Amino acid sequence: MLDPYKLSMSSVLAAVLLGVTAVRATPALSSRQSITALTTTQIDVFTPYTWYASTAYCEPSQTLAWDCGSNCEANPDFQPVASGGDGDSIQYWYVGYDPSFDTVIVAHQGTNPEEMESLVTDADFFLENLDSSLFPGISSDIECHSGFADEQADTATDILAAVEQTMSQYDTTSVTMVGHSLGAAISLLDSVYLPLWLPEGTTFRTVVYGLPRVGNQAFANYVDATCDLTHINNEEDPIPICPGMFLGYIHPAGEVHIEDSGEWASCPGQDNPSTQCIVGDVPEIWDGDLDDHDGPYNGVTMGC
């Protein structure tokens with residue numbers, strides 16, 4: 001029998017999704033900068049990371065053995081180090097080493113709509129300060145989605161230990177975070193968390209897909225100042241305009257929007273209002289199409 005609390009929380013999610021209005025960003029802040037189309041070569045650079053994000057939907061036993069069909073075959077030289085999660089209360093995750101890029105890969109599973117716990121997490125949409133024990137020294141002005149923060153906290157120390165082990169084992173100083181949907185949100189929080197604990201001189205990159213808004217203006221500004229972030233949105237996917245800006249949420253810069261034509265548009269600024277970018281293309285939640293959420297992203301559809 002389903003827990004009435006979970007049912008009520010999933011109802012809250014539905015209400016939030018139906019009621020979101022994506023308030024447009026101030027044109028003076030973003031639309032003055034030119035939007036540029038990525039070349040085929042630039043698009044192809046993201047493909048290995050896309051496969052890594054898709055692989056995060058595979059069970060931990062599969063990722064630890066690196067035996068998960070086409071997802072794993074797309075990055076055949078990857079060396080897994082650790083994996084975990086149950087795909088319900090804790091999203092799947094894995095950590096390992098990519099010798100081609102000489103980097104640690106950290107990946108988190110996205111939202112599976114069939115799992116009630118994931119839906120409850122997405123409905124827990126209130127802004128709150130980050131846990132000071134995990135994010136020491138972070139300004140109290142910075143606030144994040146409480147559900148995403150709780151999900152990140154559940155795996156934070158395990159992820160850190162696995163990253164430290166991988167860096168030592170493979171003598172690398174580079175860390176790359178990937179994820180899709182809820183996994184993108186967790187990976188973005190990892191992008192703030194890990195630099196606080198890893199040695200000076202470590203370099204970081206974050207490539208995520210279908211990223212919902214994670215935090216407030218102060219959070220977005222902090223990410224812009226400290227993280228190398230690319231967040232890729234597919235066509236009319238409505239998830240990236242949730243939660244709504246009227247609730248105090250703002251996307252950091254780094255958006256790439258895949259248009260209906262197949263062109264990948266680099267959208268400067270935070271929540272760029274151009275119709276070539278997600279906020280302009282999907283101004284209201286009902287303008288979106290959830291079928292676009294899983295892709296394809298240059299031929300890769302998320303899932304294991």
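**Working chat on the structure**

Author: Helix α4 is largely enclosed by the rest of the structure, because eight of its nine residues are buried. Buried means under 20% relative accessible area, exposed over 50% and partly exposed in between, with a 1.4 Å probe and protein chains only. Helices are DSSP runs of H or I with at least four residues, strands are E runs of at least two, and both are numbered from the N terminus. This is a predicted model: local features need pLDDT of at least 70 and side-chain atom pairs count only at pLDDT 80 or more, whereas totals for chains, interfaces and linings use all residues. Residues are numbered from 1 along each chain as its sequence is written, and side-chain values use heavy atoms, with hydrogens and water left out.

Reader: Which residues of α4 are buried?

Author: They are Thr47, Pro48, Tyr49, Thr50, Tyr52, Ala53, Ser54 and Thr55.

Reader: Turning to aromatics, how many aromatic pairs are there?

Author: The count is 11 aromatic pairs, where rings of Phe, Tyr and Trp (its six-membered ring) pair if their centres lie within 6.5 Å; planes under 30 degrees apart count as stacked, over 60 as edge-to-face and the rest as tilted. Tyrosine 49 and phenylalanine 101 form a stacked pair, at 5.1 Å centre to centre and 25° between the planes. This pair links distant parts of the chain, 52 residues apart: tyrosine 49 is in helix α4 (residues 47-55) and phenylalanine 101 is in the loop between β3 (93-98) and β4 (103-108).

Reader: Which residues form the aromatic cluster?

Author: Tyr52, Trp66, Phe78 and Tyr94 form one cluster.

Reader: New topic: how many salt bridges are there?

Author: There is one salt bridge, defined as a side-chain nitrogen of Lys or Arg within 4 Å of a carboxyl oxygen of Asp or Glu. Aspartate 271 forms it with arginine 213, with the closest N and O atoms 3.1 Å apart. The partners lie 58 residues apart, aspartate 271 in the loop between β11 (264-267) and α11 (278-281) and arginine 213 in the loop between β8 (203-209) and α10 (217-226).

Reader: Is arginine 213 buried or exposed?

Author: Arginine 213 is buried, at 0% relative accessibility. Aspartate 271 is also buried, with a relative accessible area of 3%.
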